[in-house]
Amino acid sequence: MAHRFITQAVLVGARVFGRAFAEAYRQASASSKYAQSSIPNSGSSISKNFISSGLTLDEACKILNVKPPKGGSANIEEVTERFKRLFDANEPTKGGSFYLQSKILRARERIELEAREAQEAAETEAELKEGWKPKLWKDR
């Protein structure tokens, strides 16, 4: 009689666990599809990697406690200074968290990526404005 109750408990537990696992998989799949649909078709594998990691520019700015870059200009010195201070404060050998350290690193990389992309876009726009002027050997 006891073996019957144990068998039923194991089967019910397995069924509950199976349903929970299937639901978690469905949610993860839907989240992945949503993230893929929100990626702009820029062709940049770097920006796709950052978007797939789930760290937005606002989150990165909140982690490092800096203002978001306005018009493509970010205070890289301030970002670097805050990064170094927070990264060193969360050193695992000193009792810090490796998870927090990795979040701080990703936040710095995300802000630097945004600043670099904005700078490249501004340079391209300036070059288009003034026209293409190739550098000739005699101009050097």
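The model is predicted. The protein chain has five helices and zero strands, and its elements run α-α-α-α-α from the N terminus on. Helix α5 spans residues 98–130.

**Chain as a whole**

- The protein chain has 140 residues, and 15% of these count as buried.
- Its accessible surface comes to about 11,300 Å², and carbon and sulfur atoms hold 57% of that area.
- Among contacts in the protein chain with a separation of 6 or more, 52% come from residues 24 or more positions apart.

**Helix α3 against helix α5**

- Two packed helices are described by the angle between their axes and the distance between the axes.
- Helix α3 covers residues 57–64, and its axis comes within 8 Å of the axis of α5.
- The two axes cross at roughly 125 degrees.
- The crossing of α3 and α5 is left-handed.
- On the α3 side, the contact is made by L57, A60, C61, I63 and L64.
- On the α5 side, these residues meet K103, I104, A107, R108, R110, I111 and E114.
- By class, the contact of α3 with α5 holds eight nonpolar and four charged residues, with no polar ones.

**Helix α4 against helix α5**

- Helix α4 covers residues 76–89, and the axes of α4 and α5 come within 10 Å.
- These axes cross at roughly 170 degrees. An angle over 145 degrees counts as roughly antiparallel, and α4 and α5 are therefore roughly antiparallel to each other.
- Helix α4 contributes I76, V79, T80, F83, L86 and F87 to the contact.
- Helix α5 contributes Q101, I104, L105, R108, I111, E112 and A115.
- The residues of the contact of α4 with α5 divide into nine nonpolar, two polar and two charged.
- I104, R108 and I111 of α5 are listed in the contact with α3 and also in the contact with α4.

**Residue Q101**

- Q101 lies in helix α5 and is one of the residues through which α5 meets α4.
- The relative accessibility of Q101 is 6%; the limit for buried is under 20%, so Q101 counts as buried.
- Leaving aside residues up to four places away in sequence, Q101 touches F87, N90, E91 and P92.
- Of these, F87 belongs to the α4 side of the contact with α5.

Terms used:
Residues are numbered from 1 along each chain as its sequence is written. This is a predicted model: local features need pLDDT of at least 70, side-chain atom pairs count only at pLDDT 80 or more; totals for chains, interfaces and linings use all residues. Side-chain values use heavy atoms; hydrogens and water are left out. Axes are lines fitted to C-alpha atoms, for helices over the stretch in contact, and angles run from 0 to 180 degrees between N-to-C directions. Helices (H or I, at least four residues) and strands (E, at least two) are DSSP runs, numbered from the N terminus. A crossing is left-handed if the near helix is turned anticlockwise from the far one by less than a right angle, and right-handed if clockwise. Contact means heavy atoms within 4.5 Å. Ala, Val, Leu, Ile, Met, Phe, Trp, Tyr, Cys and Pro count as nonpolar, Asp, Glu, Lys and Arg as charged, and the others, Gly among them, as polar. Buried means under 20% relative accessible area, exposed over 50%, partly exposed in between (1.4 Å probe, protein chains only). Accessible areas come from the Shrake-Rupley method with a 1.4 Å probe; for residues, only the protein chains shown count as cover. Angles under 35 degrees count as roughly parallel, over 145 as roughly antiparallel, 65 to 115 as roughly perpendicular and the rest as oblique.
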